[in-house]
Amino acid sequence: MNFIKTFTQVLILFILISIGYFIRYRNLIDKSFTSKLSNLVLSIFLPALIINSMQINFEPSIINKIIIIILLSFITYLISYLIAYSLKFIFKSDKDIGVYQYAVMFSNVGFMGYPVVQSIFGSDALFYASIFNLPFNLLIMTLGVYLLCRGNKNYDFSIKSFVNPVIVSILIGFILFIFRIKLPVFINDTLELLGDLTTPLSMLIIGSMLCESPAKECFFNKKLYLIVFIRLLFIPACIYFILKGIVNDKLLLSIPVILTSMPIATNAAIMANKYKANESLASQLVFLSALLSIITIPFISFLFIR
């Protein structure tokens, strides 16, 4: 594994968050602007990224591996959900239980996941990582929304929440993928340009949200350390030992382990803001998990990826 590339990806993440923190601290943007920018990311830039990422070649010779990696993805999220669900017995009446469960379930499979997979296994592995990540956006906009809304008594959760630009983009992207429809270059390039804005804007938003609650607070919250430990170490270890007896293909086994060892999804804070959950707590979780992942990602890779 190339440790320099892994460290670089984490460092980029922190630089962008720091810039977001600085521009909010200097009052170049305010809470209202941050909220509107969050909605813009979820409504325009993220859907563009999803559709563009699914413009990959479909070859009959790899259908079996595609089916296997999709099944492994759902198994992985099922295991993650069961672990997240068990938190209710630890935190019990904590009003932020939904944020903790969301943080445990969803890792940063995009900005961090893809570059790390590429650095370990090469560019060819990105195809399988893309397939593995197909359920991610569907789950965060269904189960993820439910988890964040459940702790908010003032938010009336509705099945209508499932119908949104992200879900629509998943359906469009999957249809294009299955039927091998390639978008015209001018459309695909436009989507790529819009999608490329997702990561930097998301980081700036997180930095802005984090400015409301001093980052140092996350170092004194014991609950955050437990959640981050579960996210960065416990879940990937569980995935490895459970799937090891099921999957013979080393690459197909390694991808779920690596992707689940990523820090908490950067959209946790954005989603918390949109659905009126504790966005400050979510931002702190993202910050702390990203910081500690500098150590844990190489550790997981060394321990389980031979």
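Q: Which side chains meet in a salt bridge at 2.5 Å, N to O?

A: Side chains of opposite charge can pair when their charged atoms come close. In this predicted model, the side chains of Lys-223 and Asp-94 form such a salt bridge, with 2.5 Å from N to O. Lys-223 belongs to helix 13, whereas Asp-94 sits in the loop between helix 4 (88-91) and helix 5 (97-105), so the pair ties together parts that are 129 residues apart in sequence.

Q: Are Lys-223 and Asp-94 buried, partly exposed or exposed?

A: One compares the relative accessible area with two limits: under 20% is buried, over 50% is exposed, and values in between are partly exposed. Lys-223 has 33% and is therefore partly exposed. Asp-94, at 14%, counts as buried.

Q: How many salt bridges does a search of the whole structure find?

A: The search finds 3. One of them joins the side chains of Asp-249 and Lys-65, at 3.7 Å from N to O. Asp-249 is partly exposed, because its relative accessible area is 25%. Lys-65 is also partly exposed, at 34%.

Q: What is the N to O distance in the salt bridge of Asp-96 and Lys-95?

A: The side chains of Asp-96 and Lys-95 meet at 3.6 Å, N to O. Asp-96 is buried, with 12% relative accessibility, whereas Lys-95 is exposed, with 59%.

Q: How many helices and strands make up the secondary structure of the chain?

A: The protein chain has 16 helices and 0 strands. Its radius of gyration is 18 Å, close to the 19 Å that the globule rule gives for 306 residues, so the chain is as compact as a globular protein of that length. Along the principal axes, the C-alpha trace spans about 50 × 45 × 40 Å.

Q: What share of the residues in the chain is buried?

A: Buried residues account for 54% of the 306 residues. The chain exposes about 14,200 Å², and carbon and sulfur atoms supply 67% of that area.

Q: What share of the contacts with a separation of 6 or more comes from residues 24 or more positions apart?

A: To read such a figure, one asks how far apart in sequence the contacting residues stand. In the protein chain, residues 24 or more positions apart provide 84% of the contacts with a separation of 6 or more. Leu-143 and Tyr-81 are 62 residues apart along the chain, and their C-alpha atoms are separated by 9.5 Å.

Q: How far apart in space are Gly-245 and Phe-219?

A: Gly-245 and Phe-219 are 26 residues apart in sequence and 38 Å apart in space, C-alpha to C-alpha. Gly-245 lies in the loop between helix 13 and helix 14. At 73% relative accessibility, Gly-245 is exposed.

Q: Is helix 12 mostly covered or mostly uncovered?

A: An α-helix has 3.6 residues a turn, so residues three or four places apart point the same way. Helix 12 (residues 198-212) holds 15 residues and reaches 22 Å from its first C-alpha to its last, close to the expected 21 Å. This helix is mostly covered, with 11 of its 15 residues buried. Among the buried residues are Leu-201, Ile-205, Met-209 and Cys-211.

Q: Which residues are in contact with Ser-202, leaving aside its neighbours within four places in sequence?

A: Ser-202, a residue of helix 12, is in contact with Val-41 and Ile-270 when those neighbours are left aside. Ser-202 is buried, because its relative accessible area is 6%.

Q: Which residues make the nonpolar surface patch of about 470 Å²?

A: To find such a patch, one looks for nonpolar side chains at the surface. Here Phe-174, Ile-175, Ile-178, Phe-179 and Ile-181 make a nonpolar surface patch of about 470 Å². Phe-179 lies in the loop between helix 10 (165-178) and helix 11 (185-196). With 59% relative accessibility, Phe-179 counts as exposed.

Conventions: Residues are numbered from 1 along each chain as its sequence is written. This is a predicted model: local features need pLDDT of at least 70, side-chain atom pairs count only at pLDDT 80 or more; totals for chains, interfaces and linings use all residues. Side-chain values use heavy atoms; hydrogens and water are left out. Patches are made of residues with over 30% relative accessible area and no salt bridge: like charges are joined within 9 Å, nonpolar side chains (Val, Leu, Ile, Met, Phe, Trp, Tyr) within 5 Å. Accessible areas come from the Shrake-Rupley method with a 1.4 Å probe; for residues, only the protein chains shown count as cover. A salt bridge is a side-chain nitrogen of Lys or Arg within 4 Å of a carboxyl oxygen of Asp or Glu. Helices (H or I, at least four residues) and strands (E, at least two) are DSSP runs, numbered from the N terminus. Buried means under 20% relative accessible area, exposed over 50%, partly exposed in between (1.4 Å probe, protein chains only). The radius of gyration is taken over C-alpha atoms; the globule rule is 2.2 Å times the number of residues to the power 0.38. Contact means heavy atoms within 4.5 Å. The expected span of a helix is 1.5 Å times one less than its number of residues.
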